Structures are given as C-alpha cells and as structure tokens.
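Please read the numbered points with the structure open.

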Amino acid sequence: MSTTTASADSTTTPPYEVAECRGVLRVYSDGSIWRSSKPSFNAPVDDDGSVLWKDALFDPVHNLHLRLYKPASVSSAKLPIFYYIHGGGFCIGSRAWPNCQNYCFKLSLELQAVVISPDYRLAPENRLPAAIEDGFMAVKWLQAQALQAENPDPWLTDVADFSKVFISGDSAGGNIAHNLAVQLGAGSPDLAPVVVRGYVLLAPFFGGTERTRSEAEGSKDAFLNLELIDRFWRLSVPLGDTTDHPLINPFRPNSQSLEHLNLDPILVVVGGSRVC
C-alpha cells in the first residue's frame, strides 16, 4: 500500500474521496492518493514451471521494471520477442498482477517466444505522456541488451531473436503500442539491431470529446462502462488538455495524420460489445 499526501491546513475541511478505481486507487480532495499493494481481484498464478521468468530494471531513474518470460524447453535456436503492455486506463495495473502473469505464461508457451511485460508510470501521479515515454524506454532497453557485447545476459541473449520483435498491449497498453508504432515507424531504424515486425492492439484505449455511438448507447452495467472510462481520462489526461489530445485521439485535426505514414503491420482487435 502506498500513499501520496498533499500538505493541508489543519483548519480546512477533512479530505474526502473524489475518485476511486477498482478498489485499488483512491484520490482525495486535498490531492493525496492511496494505492493498494494488491491487485483489483484475486486469482491464482498458474506457474507450473513450463515457463521461466525473471524481472529486470529498465529505468533506474523511475525505478521501473519489466518481467521476462521464456519457455523452459526451447523448440528452436532463437525465439521471437513479444512485448505485452498491460492495461488499466493508464491509472492501475502491473506486470505482477496475476491476470498479466497468466497471460504472459500462455503467450510464451504457445507462441514459443520470449515475452517482455513492462511496467510504466501511472496516473494521476504521472499523467500522459509519461506512460508513452516509459513504453519507449522499455524497447530501448531491449536495444541496449542487443548491443551488449562485453557483459550480455545469456538468459535473454542465448534464446532471443532481436530481429523478430512484436509489440502488443491491451486497453491503455494498446494505446502505448499504437503510439510506439507511430514514433518508431516502419522497420524501427532507431532501435537497430532490434527490428519490430508488427503490432497487436487489443481493445486499445482511445478517447475524444465527441461521443461515439457505443459510448452513447453502451450499457451502464458493463465491466468498463462510460463513467469509469471518463474517470480514467480525468485522472490521466495532461493538465489543461482534453481527450482530443493527439496521444488520446489520433483522428482529430490537431493529430498527426496516419494516412501517409510508413508503418509496420498493425492488427487491431476489439470485442463486439466494447465501449469505445
């Protein structure tokens, strides 16, 4: 559990809750923030030993870690690399949550791939573009590993094919993956010798001041309903800006046009009842 406290005059009204997210984040009227050290739901971690994993520090400035996974029994000399960036509306979530771990176990085993799941700074303590910047740092870390000639980490370098990298994310992670695709461009030349081959966006988290049909007509009882979506955006949008910010709404007039950009292949997956 962590708490960020803002200074307040003892004569003022006691702070009251102004926002809550999934029981793991509470924001108070004086600016203080409470975070639970536990995930938003209880689920067992399905670690049966078929996939090996470990953590690595990729950003010492912000104390950000990523989790690496690889099959215990490798079927080929070199394995592709698959990034999975967790969701949570830019406000909650972690590489260490059981849903994230179980998904990465399954990805690594069934894809026969090295899976990399990075954390990123969360809002409202760190509003956008912090999460996008951290996603970029996570892939730059991989480049540093590929270039490491004197002290390579054999746990990774002995099995990883740095020329076959894919970047994926769900919800907020899908937004990060999209913005990385735009930033890196086709062939990801700034990451050489790392080569990104494609992106998978799972229900990517975008927004806008103009309501979409699914937002206007979506069920209020949905797991991710419009009220919660708006709450996530209020806590994560850059101060003084709106959900038409280019990182949030790529289709507004002030956003960079995607029409003529040279991008790697991108697969976008959304659910039939998704509010988006």
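In what order do the seven strands of the open sheet lie? The points below begin with that matter.

1. Basis. This is a predicted model, in which local features need pLDDT of at least 70 and side-chain atom pairs count only at pLDDT 80 or more, while totals for chains, interfaces and linings use all residues. Residues are numbered from 1 along each chain as its sequence is written, and side-chain values use heavy atoms, with hydrogens and water left out.

2. The sheet. The order is E5-E6-E8-E7-E9-E10-E11, with mixed pairing. Strands (E, at least two residues) and helices (H or I, at least four residues) are DSSP runs numbered from the N terminus; two strands pair if DSSP finds at least two bridges between them. Strand E5 (51-59) and strand E11 (266-269) are the edge strands, each pairing on one side only. On average, neighbouring strands are turned by 20 degrees against each other, direction ignored.

3. Two strand pairs. E5 and E6 run antiparallel and are joined by eight bridges; within this pair, Asp59 stands opposite Leu64 in E6. Their hairpin has four residues between the strands, and Asn63 there takes a positive phi near 55 degrees. Strand E7 (residues 79-85) and strand E8 (residues 114-118) run parallel and are joined by three bridges, with Ile81 opposite Val114 in E8.

4. Helices on the sheet. H1 lies across E5, strand E6 (64-71), E7, E8 and strand E10 (196-202), at about 40 degrees to E6. H2 lies across E5, E6, E7, E8 and strand E9 (160-170), at about 110 degrees to E5. Axes are lines fitted to C-alpha atoms, for helices over the stretch in contact, and angles run from 0 to 180 degrees between N-to-C directions. Contact means heavy atoms within 4.5 Å.

5. Helix packing. Helix H2 (residues 130-147) packs against helix H4 (residues 172-184) at an angle of about 65 degrees, the axes being 9 Å apart. On the H2 side the contact is made by Ala131, Ile132, Gly135 and Phe136, and on the H4 side by Asn175, Ile176, Asn179, Leu180, Gln183 and Leu184. By class these residues are six nonpolar, four polar and no charged. Here Ala, Val, Leu, Ile, Met, Phe, Trp, Tyr, Cys and Pro count as nonpolar, Asp, Glu, Lys and Arg as charged, and the others, Gly among them, as polar.

6. Backbone points to inspect. Most residues other than glycine have a negative phi, and most peptide bonds are trans. The bond from Leu128 to Pro129 is cis, with omega near 15 degrees, and Pro129 is in the loop between E8 and H2. In the loop between H4 and E10 lies Pro193, joined to Ala192 by a cis peptide bond with omega about 10 degrees. Ser188 belongs to the loop between H4 and E10 and has a positive phi near 40 degrees.

7. The second largest pocket. A pocket is an open set of points on a 1 Å grid over the protein atoms alone, where a 1.4 Å probe fits, with protein on both sides within 12 Å along at least five of seven lines; lining residues have an atom within 4 Å of a point. The second largest pocket is lined by 22 residues, with Gly87, Gly88, Asn99, Asp170 and Phe223 nearest its centre. Helix H1 (residues 98-111) gives the most to this lining, with three residues. The lining has ten nonpolar, nine polar and three charged residues.
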